[in-house]
Amino acid sequence: KSSSSNSSGGSSGALLKAASFTLQREARVGEAVAKWMRCAVGQSVELRHTAERLKQIDLQRRELQIVTEQAVGLKAELEEELLGKFALVLNQKKMKIRDLEERVLQAEEQVRELSEELSRRAGPSSAPASALPTLPTVPPLAAP
């Protein structure tokens, strides 16, 4: 342990200190490795939980994607069905309007014919046909 000795025993003292220093250093390294391992194990467990949660989320995402695709398809089918029904009703209404327009034209023609016949029967001494009341004319609807 004395540093003044030049014998091999003195140099073995220096080796002993170096060995002691190395052991202390190894003990610190061991503690550091143990601490690092505990941290790594903790993070590994956390990573496994995160990976499992991501798998669950991905499964939910896939299920929601399937449901969304089904809903979009159903919506398109319903829209097509609704538009078909609307077109049918619209066409029926157009036919009804055309029928009513034709009936109005026929009624106007009958009124004109009756008015002319009354004028002829009344003769020249009665009031002219233009003095008879006339029905207003209904303009026809534009063709679709």
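1. A residue is called buried when its relative accessible area is under 20%, exposed when over 50%, and partly exposed in between (1.4 Å probe, protein chains only). At 25% relative accessibility, D58 falls in the partly exposed class.

2. This is a predicted model: local features need a pLDDT of at least 70, side-chain atom pairs count only at pLDDT 80 or more, and totals for chains, interfaces and linings use all residues. Residues are numbered from 1 along each chain as its sequence is written, and side-chain values use heavy atoms, with hydrogens and water left out.

3. On confidence: pLDDT is the predictor's confidence in each residue, from 0 to 100. The protein averages 79, and 67% of the residues score at least 70. Over residues 1-23 the pLDDT is below 50, and this stretch has one contact in the model beyond near neighbours in sequence. A contact means heavy atoms within 4.5 Å. Where pLDDT is low, the predicted coordinates should not be read in detail.

4. On the fold: the secondary structure comes to one helix and zero strands. Helices (H or I, at least four residues) and strands (E, at least two) are DSSP runs, numbered from the N terminus. Helix α1 covers residues 8-122.

5. The protein exposes about 13,100 Å², of which carbon and sulfur atoms supply 63%. Accessible areas come from the Shrake-Rupley method with a 1.4 Å probe; for residues, only the protein chains shown count as cover.

6. On salt bridges: the term stands for a side-chain nitrogen of Lys or Arg within 4 Å of a carboxyl oxygen of Asp or Glu. By this rule there are seven.

7. Which residues are linked in a network of salt bridges? They are D58, R61 and R62. The closest N and O atoms of R61 and D58 are 2.8 Å apart; for D58 and R62 the figure is 2.9 Å. R61 and D58 are three residues apart in helix α1, so about one helical turn separates them. D58 and R62 are four residues apart in helix α1, again about one turn. R61 is partly exposed at 44% relative accessible area, and R62 is partly exposed at 47%.

8. Another salt bridge joins K75 and E79, with the closest N and O atoms 2.8 Å apart. Both residues lie in helix α1, four residues apart, about one turn of the helix. E79 is partly exposed, with a relative accessible area of 40%.

9. V29 is found in helix α1 and is partly exposed at 45% relative accessibility.
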